[in-house]
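Dear colleague,

I am handing over the structure we spoke about, with the sequence alongside, and my notes follow directly below it. Please read them with the structure open beside you.

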Amino acid sequence: MDNFPWEVTLAVLGVVVPIIAAMYEFLFVGRKRLGYRVQMDTTATDAVHSQYAGALQQLQQENGAPLVDPSFVLLRVENNGATNIDTSDYAVLDDDKVGIRVRFPGRRVAGMVVTELSDDFLRPSFGQESGLRVQNGIIELPKVPLNRSAHYKVLAALERSADDMADHREEFDEPEIVGGIKGGVGNGRIQETKSRTGTPTQAIALVCFLVLVILAQLTVSLATNDTVAPLDCATGKLTLTGSTAFKPVLEEAAKAYKDTCPGASFALDLGGSTAGLEKLKQAGEEKSSGSPDWLAFSDGDKGDAYPKLLPRPIAFSLFTLVINQEAGVEDLSLRQIRQLYAGRITNWKQLNGKDLPVRLISRYDNSGTRKTFQKQILEGIREPGSNSDDCLNRDPGTPRGVVRCQRGSTSDMLNAVADTPGALGYSEVGLASRRDGVRRLWIDGHPATLRGADHGAYPFWETEYAYTYGEPRATSLTASFLRYLTNEVGKDIVRSHGHRPCAELQNPMLCRPS
């Protein structure tokens with residue numbers, strides 16, 4: 001106990017110093033910051049005059065003359081600060097549309113093109129009236145809104161000036177870049193982004209300090225206490241039920257937990273979100289008191305039907321429409337998807353695909369994935385019922401129309417789509433990406449990516465919830481496994497299957513119950 005003040009002092013230092021360093025980085029170093037990098041600056045003189053020059057010989061200066069001593073520059077402009085940059089944040093130049101000007105001493109810009117956008121949302125910023133142009137041999141770039149870490153690249157073709165050619169200079173001067181951010185770092189001027197492979201002196205000092213603090217705490221702890229705190233392990237048997245889309249995550253997480261905590265065992269009964277919620281409710285009602293050792297996982301919230309079930313958001317799950325590869329379709333609009341499921345489109349040739357009948361493969365009513373599809377894609381409209389057992393032909397006696405069938409799990413759905421010409425279905429992205437014979441469809445020109453869903457461009461997603469019957473005891477296997485799913489090991493497992501932990505979203509509010 002005599003060493004207790006030292007332990008407190010060391011612990012406080014170990015917490016306060018990194019916080020101060022982080023605040024310094026955020027408030028003074030990492031505010032709004034616009035940066036650039038010259039990723040390529042190379043001459044093409046020999047190539048343009050060779051017999052294999054091809055299109056290079058067609059490059060011209062502003063006056064129509066061919067390029068004699070051309071060079072190419074690839075310039076990357078990026079937001080390397082801690083906050084987003086809006087168009088109103090750019091410093092005022094003499095043209096309201098221009099945010100950045102780039103001049104190359106001794107060379108004139110003959111032409112340029114934007115070659116890479118980190119985000120499709122940047123594309124409208126480079127329209128005809130955006131301010132993107134070459135003016136008097138100088139590149140003028142528009143005021144582009146950039147989220148944190150966002151960037152774009154510009155490839156420019158330049159011609160060396162007559163004076164530089166006469167001097168036979170082999171090296172080029174650094175570009176002169178004008179523009180920046182109002183009130184940003186370095187008086188807001190755009191700054192060259194230095195290589196991040198080196199280690200700053202401040203970082204080395206901070207690491208050394210933390211190592212000393214950890215060694216000191218270890219020394220004090222070993223001198224005062226011979227016991228080691230136990231791992232957060234619990235014993236018993238836990239039943240996991242619910243979503244088939246989340247099944248791969250739960251299978252791996254349960255095995256990893258059991259390997260770490262041998263006193264625990266798991267029973268997996270994953271047959272659909274609604275069925276899982278119902279089984280959890282029954283298990284809770286059958287238990288005389290307390291919370292049963294059950295967890296139910298659901299794609300989306302439970303609604304109003306289960307007032308005693310408590311939700312915990314676990315992950316942001318991404319879904320995709322999947323189509324048989326023979327259909328010849330890769331991108332559908334929301335309007336086309338709704339027409340397909342309403343039965344108004346019956347052959348893929350109506351959408352410029354192959355001459356194959358449309359066959360719709362769905363999940364049963366108790367599927368959380370189906371409920372997500374109906375809510376996010378069909379605007380709450382229920383899918384019509386099944387009229388086929390084999391997914392190829394309508395059952396005898398059923399009305400004419402599109403073939404519709406149902407399957408009980410995500411894996412069964414994917415198998416049916418892969419084996420059925422013209423079939424269309426839906427699935428969790430992780431399983432779909434590993435299934436041969438199916439193609440993941442884009443929706444309204446956007447692929448199924450977590451970034452697109454997080455930014456609001458891709459609509460087919462849902463929150464994966466874990467439900468308990470009442471509040472479990474903190475020492476129970478139920479509570480321990482929930483903590484495991486949201487710690488670093490659990491997060492790694494969630495990510496490895498194509499989901500994302502809720503805490504890592506740019507907009508964490510997407511994970512709250514609707």
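Sorted by class, the lining of the second largest pocket has 8 polar and 8 charged residues and no nonpolar ones. Please keep in mind throughout that this is a predicted model. The volume of this second largest pocket comes to about 350 Å³, and 16 residues line it, with Asn84, Asn147, Arg148, Ser149 and Gln506 lying nearest its centre. Strand 2 (70–79) and helix 11 (450–454) each supply at least two residues of that lining, and the largest share, 3 residues, comes from strand 2.

Another open sheet is formed by 4 strands in the order 5-6-3-8, and here the pairing is antiparallel. Its edge strands, each pairing on one side only, are strand 5 (133–135) and strand 8 (176–179), and from one strand to the next the twist averages 25°. Strand 5 is joined to strand 6 (residues 138–142) by 3 bridges in the antiparallel sense, and the bridge partner that arginine 133 finds in strand 6 is glutamate 140.

Turning to the helices, the axes of helix 12 (residues 477–486) and helix 13 (residues 488–496) come within 4 Å and cross at roughly 65°. On the side of helix 12 the contact is made by Tyr484, Leu485 and Thr486, while helix 13 contributes Glu488, Val489, Gly490, Lys491 and Val494. By class, this contact has 4 nonpolar, 2 polar and 2 charged residues.

Some single residues also deserve a look. Glutamine 406 has its place in strand 16 (residues 403–407), and glutamine 406 counts as buried because its relative accessibility is 16%, where the cut-off for buried is under 20%. If its neighbours within four places in sequence are left aside, glutamine 406 is in contact with Ser362, Arg363, Tyr364, Arg370, Gly385 and Ser386.

Glutamine 376 lies in helix 8 (residues 368–376), and, not counting residues up to four places away in sequence, glutamine 376 touches Pro459 and Trp461. Glutamine 376 and proline 459 are 83 residues apart in sequence, yet their C-alpha atoms are 6.3 Å apart in space.

Finally, there are two residues to check for their backbone angles. Most residues other than glycine have a negative phi. Glutamate 379, although it is not a glycine, has a positive phi of about 60°; glutamate 379 lies in the loop between helix 8 and strand 16, and counts as exposed because its relative accessibility is 59%. Aspartate 444, also a residue other than glycine, has a positive phi near 55° and is found in the loop between strand 19 (442–443) and helix 11. With a relative accessibility of 41%, aspartate 444 counts as partly exposed.

With best wishes

Definitions and conventions
Residues are numbered from 1 along each chain as its sequence is written. This is a predicted model: local features need pLDDT of at least 70, side-chain atom pairs count only at pLDDT 80 or more; totals for chains, interfaces and linings use all residues. Side-chain values use heavy atoms; hydrogens and water are left out. On a 1 Å grid over the protein atoms alone, a cavity is a set of points where a 1.4 Å probe fits but cannot get out, and a pocket is an open set with protein on both sides within 12 Å along at least five of seven lines; lining residues have an atom within 4 Å of a point. Grid points are joined across faces, edges and corners, and a volume is the space filled by probe spheres set on the points. Ala, Val, Leu, Ile, Met, Phe, Trp, Tyr, Cys and Pro count as nonpolar, Asp, Glu, Lys and Arg as charged, and the others, Gly among them, as polar. Two strands pair if DSSP finds at least two bridges between them. Axes are lines fitted to C-alpha atoms, for helices over the stretch in contact, and angles run from 0 to 180 degrees between N-to-C directions. Contact means heavy atoms within 4.5 Å. Buried means under 20% relative accessible area, exposed over 50%, partly exposed in between (1.4 Å probe, protein chains only).
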